[in-house]
Amino acid sequence: MKLSEDEAKRFLERLCPLQETEQQLLCPRCGRNELYSGLYFFLNSLSRYAHVYICEKCWMDEALREIDGNPVPLTSWNAVLPFVLRGEIPPSDSSCQDTNASAGPAQTGEIHNSSQTV
Ligand SMILES: [Zn+2]
């Protein structure tokens, strides 16, 4: 299963409210620098590619890469990459539970014996 840019974008944009309430201040793009908090929160910049705050360095990097026409795909962002590497889709905003409630039909490989002796 491959994560699309669109899915990555949706996942990243879910971080925005967490950023605004300062529950998630690590930059989702580089995963190294923290965003501004408290009185300085307004200094944070939104990414060009998703409605989510990123650190100053990443914002600059995006600006430079935009000139080159060589943006970093959202699926390579630090916050998204673990999901990509595991081949998982990040939880969507429709289901906030931790458990996969709607994972489709359960995988029962045993009930495949069609030739039953009566
Ligand atoms: Zn960053």
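**Labels and the values behind them**

Reply: Start just after α3, where Gly 69 takes a positive phi of about 65°. Bear in mind that the model is predicted.

Me: What makes the phi of Glu 22 worth a remark?

Reply: Glu 22 has a positive phi of about 60°, although this residue is not a glycine. Glu 22 sits in the loop between α2 and β1 (45-46).

Me: Which class does Trp 59 fall into, and why?

Reply: Trp 59 has 17 C-beta neighbours inside 10 Å. Buried needs 20 or more, and exposed needs 12 or fewer. The value falls in between, so Trp 59 counts as partly exposed.

Me: Where is Trp 59, and what does Trp 59 touch?

Reply: Trp 59 lies in helix α3. Not counting residues up to four places away in sequence, Trp 59 touches Ser 45 and Ile 54. Ser 47 is 12 residues from Trp 59 in sequence and 6.5 Å away in space, C-alpha to C-alpha.

Me: How do you know that the length of α3 agrees with a helix?

Reply: Helix α3 covers residues 56-68, which is 13 residues.

Me: Which residues of α1 are buried, and why are they said to share a side?

Reply: In helix α1 (residues 5-13), the buried residues are Ala 8, Phe 11 and Leu 12. They cover an arc of only 95° around the axis, which puts them on the same side of α1. Their cover includes α2 (15-20).

Me: What makes up the largest nonpolar core?

Reply: This core has 17 residues. Those with the most contacts inside the core are Ala 8, Leu 12, Ile 54, Leu 74 and Val 80. The elements giving two or more residues are α1 and β2 (53-54). The most comes from α1, with 3 residues.

Me: What is Leu 74 in contact with?

Reply: Leaving aside neighbours within four places in sequence, the partners of Leu 74 include Ala 8, Leu 12 and Val 80. Glu 5, Lys 9, Tyr 49 and Ala 50 are also in contact with Leu 74.

Me: What is the overall layout?

Reply: The protein has 4 helices and 2 strands. From the N terminus, the order is α-α-β-β-α-α. Of the 118 residues, 18% count as buried. Among contacts between residues at least 6 apart in sequence, 57% join residues at least 24 apart.

Me: How confident is the predictor, on the mean pLDDT?

Reply: The mean pLDDT is 85, and 76% of the residues reach 70 or more. Over residues 95-104 the pLDDT is below 50. Beyond near neighbours in sequence, that stretch has 1 contact in the model.

Conventions: Residues are numbered from 1 along each chain as its sequence is written. This is a predicted model: local features need pLDDT of at least 70, side-chain atom pairs count only at pLDDT 80 or more; totals for chains, interfaces and linings use all residues. Two residues are in contact if their C-beta atoms, placed from the backbone, lie within 7 Å. The arc is that of the directions from the helix axis to the C-beta atoms. A nonpolar core is a set of buried Ala, Val, Leu, Ile, Met, Phe, Trp, Tyr and Cys residues joined through C-beta atoms within 7 Å. The expected span of a helix is 1.5 Å times one less than its number of residues. pLDDT is the predictor's confidence in each residue, from 0 to 100.
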